[in-house]
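User: I would like to go through this model and ask, step by step, what stands behind the terms used to describe it.

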Amino acid sequence: MPVGKIFTLVFLKRNNSVLLGLKTRGLGEGLWNGFGGKVEENETVANCARREVEEECGVIASDLKQIGVVRYDLDYDKSADVVHIFTCSKFDGFEKPSEEMNPIKWYKYTDIPFEQMWPDAPKWYPFMLKDKYFSARVIYTDKNTIKDSIIQEFGSLSNALKLAQ
Ligand SMILES: Nc1ncnc2c1[nH]c(=O)n2[C@H]1C[C@H](O)[C@@H](COP(=O)(O)OP(=O)(O)OP(=O)(O)O)O1
């Protein structure tokens, strides 16, 4: 399946909690998620991650680390989206809601609201929360139904990225 859009998704971490925002519009509206969006033309994936965090929750990320990648094969669209996953535990400024993510809230790792998130989130969040490099591939038959998925842990990011290609 040809890759269509490339996205980033960033998780700010503090004291065994992760900052999530409720998406107010567009893809994933009404669901809690990290902060991110489409990689623009002539923009690196890391720069997109930094820009989206600032736009969506107002902080400047200073130790962004890519931890994984999720490839979504969308049977209903005959295309694939790739989402690059980052974590960040050092940032400047105070987090605040934005037009796109409102409200925002720190969730304890043990209290993440999976029932109001994308259906694939529980499959790969454990790797992201433990800072383990991972690669996931998820096949959706429609926006809410997963047909199949594979998640693998890797020793390095470069190996993790290979599965998403
Ligand atoms: N299944 C799936 N497909 C696409 N995107 C995602 C998922 N699961 C996810 O968690 N995500 C993430 C990836 C991105 O962080 C967002 C979607 O980005 P979007 O809001 O469409 O991109 P922006 O560039 O911010 O959009 P506009 O500002 O142009 O509206 O969800």
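Analyst: Let me begin with a term: two residues are in contact if their C-beta atoms, placed from the backbone, lie within 7 Å. In this predicted model, residues 24 or more positions apart account for 65% of the contacts in the chain with a separation of 6 or more.

User: What makes the chain agree with a compact globule?

Analyst: The globule rule is 2.2 Å times the number of residues to the power 0.38. For 165 residues that rule gives a radius of gyration near 15 Å, and the chain has 15 Å, so the value agrees with a compact globule. Along the principal axes, the C-alpha atoms fill a box of roughly 40 × 35 × 35 Å.

User: What share of the residues in the chain is buried?

Analyst: A residue is buried if 20 or more other C-beta atoms lie within 10 Å of its own, and by that cut-off buried residues make up 30% of the 165 residues.

User: Which residues have the most contacts inside the largest nonpolar core, and which element gives the largest share of this core?

Analyst: The core has 36 residues, and those with the most contacts inside it are Val10, Leu12, Val70, Ile85, Phe86 and Cys88. Among the elements that give two or more residues to this core are β1 (3-14), β5 (65-74), β6 (79-88) and α2 (121-129), and the largest share, five residues, comes from β6.

User: Why is β6 called largely enclosed?

Analyst: Seven of its ten residues are buried, so β6 is largely enclosed by the rest of the structure.

User: Why are the buried residues of α2 said to line one face of the helix?

Analyst: The buried residues in α2 are Trp124, Phe127 and Met128. Seen down the helix axis, the buried residues of α2 fall within an arc of 100°, so they line one face. What covers them includes β1, β5, β6, β9 and β10 (145-153). Just after α2, aspartate 131 takes a positive phi of about 60°.

Methods. Residues are numbered from 1 along each chain as its sequence is written. This is a predicted model: local features need pLDDT of at least 70, side-chain atom pairs count only at pLDDT 80 or more; totals for chains, interfaces and linings use all residues. A nonpolar core is a set of buried Ala, Val, Leu, Ile, Met, Phe, Trp, Tyr and Cys residues joined through C-beta atoms within 7 Å. A residue is buried if 20 or more other C-beta atoms lie within 10 Å of its own, exposed if 12 or fewer, and partly exposed in between; C-beta atoms are placed from the backbone. Helices (H or I, at least four residues) and strands (E, at least two) are DSSP runs, numbered from the N terminus. The arc is that of the directions from the helix axis to the C-beta atoms.
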